[in-house]
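This report is written for a reader who is meeting the structure for the first time. Please look over the sequence and the model before reading on.

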Amino acid sequence: MNFNLEENVPLKNLTTFHLGGPARYFVVAENLEDLKSSVSWAKEKEVPVFVLGGGSNLVVSDIGFPGLVIQVKIAGLEILHEDEEQVLLKVGAGVRWDEVVDHAVACGWWGIENMSLIYGTLGGIIVQNAGAYGTEIASVVNHVEIYDREVGEAKEFFADDCHFGYRSSLFQNNERYLIIAAVLELKKNGTPNIKYPDVIKYFAEKNITVPSLSDIRTAIVSIRQNKLPDPEVLGSAGSFFKNLLLTPEEYQNLKEKITANFNAETVAQLEGIKNKFPVVGAIKIPTAWILDVCGLKGERVGAAVVYEKQPIILTNQDNAATADDIMNLVKKIRQTVFAKTGVKLEMEPELVGFGQKEIDGYFRL
Ligand code: EPU
């Protein structure tokens with residue numbers, strides 16, 4: 001058993017945003033037994049629990065977390081089944097996601113190559129149903145192994161029971177189920193899934209008509225490196241806001257607002273962009289575009305700054321921002337966007353250690 005409890009551990013260095021206060025209590029879990037003992041310690045002490053993975057999708061409050069933070073470092077990449085067509089790969093919750101993609105591509109297994117260079121661990125990827133360039137983790141999950149805190153035992157959830165949606169799952173804001181591992185279904189004879197404009201453009205420029213699996217990984221890594229800040233150099237939590245998935249009626253309302261508040265060229269851009277991103281059952285409008293036309297690139301509060309190259313990303317300049325700076329910037333952005341477009345932006349990262357009153361204050365429109 002590994003129960004090495006630490007106190008007042010700074011969470012700053014364990015998140016890609018590099019901000020926020022300490023964990024009152026902190027423990028590392030390397031396996032199911034560690035998870036169990038950590039959870040029962042917290043229950044006995046009556047303190048709340050927060051499970052930390054790669055820390056790439058979090059805003060930790062400046063006061064920090066008042067309970068026990070369990071950092072999940074459950075390792076393991078194991079083939080459960082292999083035949084001519086597919087591989088069932090079991091991945092521990094604590095494995096760095098990009099290591100999984102790298103391994104799969106090196107072995108010739110298709111399915112997750114479009115999700116190259118996403119920071120975070122397998123556990124976090126599952127919790128938020130992470131995705132990129134038309135692939136979501138949900139599309140390759142066979143089942144997820146979890147620890148059910150309520151009944152005190154491990155269980156398996158098949159993909160259909162995980163309630164995966166756009167950047168969401170059953171495991172989000174859910175203290176009952178802690179992820180131990182996931183089993184992914186990868187294909188040996190896959191085909192490229194290249195529908196996104198950035199990826200199409202990359203291969204057109206390189207004159208590659210039938211990209212190989214490793215070509216695709218190389219392309220995605222290159223596109224992301226050009227667009228997204230490296231968290232070691234500039235703190236961020238990746239995309240800070242969700243994209244807009246609108247019904248035809250919501251789209252009409254947006255178009256009316258854009259027509260009223262912007263020029264004809266912007267309206268034409270909106271009409272063009274509405275068909276660029278294939279999503280079933282919704283009209284997808286990139287939040288980056290909304291922020292761009294609202295003139296929010298480079299907007300700041302203290303050292304919290306909207307990234308110029310991709311305004312959906314909020315950054316922590318010189319590691320000098322507080323969580324309060326970030327959230328006040330969020331408030332400013334949401335208010336500007338709401339006034340100009342009628343859209344209520346939703347955030348993607350999880351908030352840790354904030355009180356409900358505080359959250360309501362930041363989110364008031
Ligand atoms: N755009 C602008 N102005 C800009 C930048 C972008 O108008 O300054 C418009 C462009 O039309 C561009 C579009 O926004 O084509 C979309 O931008 P991009 O392709 O960079 O992707 P995104 O929609 O902003 C989403 C995910 C990313 C994922 C990429 C690629 C969300 C919230 N974000 O971003 O995921 O990597 O698509 O598929 O769904 C993350 O979740 O942390 C994340 C990085």
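## Basis of the model

This is a predicted model, in which local features need pLDDT of at least 70 and side-chain atom pairs count only at pLDDT 80 or more, while totals for chains, interfaces and linings use all residues. Residues are numbered from 1 along each chain as its sequence is written, and side-chain values use heavy atoms, with hydrogens and water left out.

## Overall form

The secondary structure of the protein comes to 10 helices and 19 strands, where helices (H or I, at least four residues) and strands (E, at least two) are DSSP runs numbered from the N terminus. Along the principal axes, the C-alpha atoms fill a box of roughly 65 × 55 × 35 Å.

The radius of gyration, which is taken over C-alpha atoms, can be set against a globule rule of 2.2 Å times the number of residues to the power 0.38. For 365 residues a compact globule would have a value near 21 Å, and the protein, with 21 Å, agrees with this.

## The five-stranded sheet

Five strands form an open sheet in the order E6-E7-E12-E10-E11, with antiparallel pairing; two strands pair if DSSP finds at least two bridges between them. Strand E6 (77-82) and strand E11 (153-158) stand at the edges with a single partner strand each, so one side of each is left without a neighbour in the sheet. On average, and with direction ignored, neighbouring strands of this sheet are turned by 20° against each other.

E6 and strand E7 (residues 86-92) run antiparallel and are joined by five bridges, and a hairpin connects E6 to E7 through three residues. Within this pairing, Glu82 has Val87 in E7 as its bridge partner. Helix H2 (residues 97-107) packs on the sheet, where H2 touches E6, E7 and strand E12 (177-187), and the direction of H2 makes about 20° with that of E12.

## The four-stranded sheet

A further open sheet has four strands in the order E13-E18-E17-E16, and its pairing is antiparallel. At its edges stand strand E13 (235-239) and strand E16 (300-301), each with a single partner strand, so one side of each is left without a neighbour in the sheet.

## Helix H6 and its partners

The axes of helix H6 (residues 248-261) and helix H7 (residues 264-273) come within 9 Å and cross at roughly 160°; axes are lines fitted to C-alpha atoms, for helices over the stretch in contact, and angles run from 0 to 180 degrees between N-to-C directions. H6 and H7 are therefore roughly antiparallel, given that angles under 35 degrees count as roughly parallel, over 145 as roughly antiparallel, 65 to 115 as roughly perpendicular and the rest as oblique. Contact means heavy atoms within 4.5 Å, and here Tyr251, Leu254, Lys255, Ile258 and Thr259 in H6 meet Thr266, Val267, Leu270 and Glu271 in H7. These contact residues divide into five nonpolar, two polar and two charged, where Ala, Val, Leu, Ile, Met, Phe, Trp, Tyr, Cys and Pro count as nonpolar, Asp, Glu, Lys and Arg as charged, and the others, Gly among them, as polar.

H6 also meets H9, for their axes come within 8 Å and cross at roughly 90°, and the two helices are therefore roughly perpendicular. On the H6 side the contact involves Leu254, Lys257, Ile258 and Asn261, which meet Ala339, Lys340 and Thr341 in H9.

## Helices H9 and H10

Helix H9 (residues 323-341) and helix H10 (residues 356-363) have axes that come within 8 Å and cross at roughly 40°, which makes H9 oblique to H10. Asp324, Met327, Asn328, Lys331 and Arg334 of H9 make this contact with Gly361, Tyr362 and Phe363 of H10.
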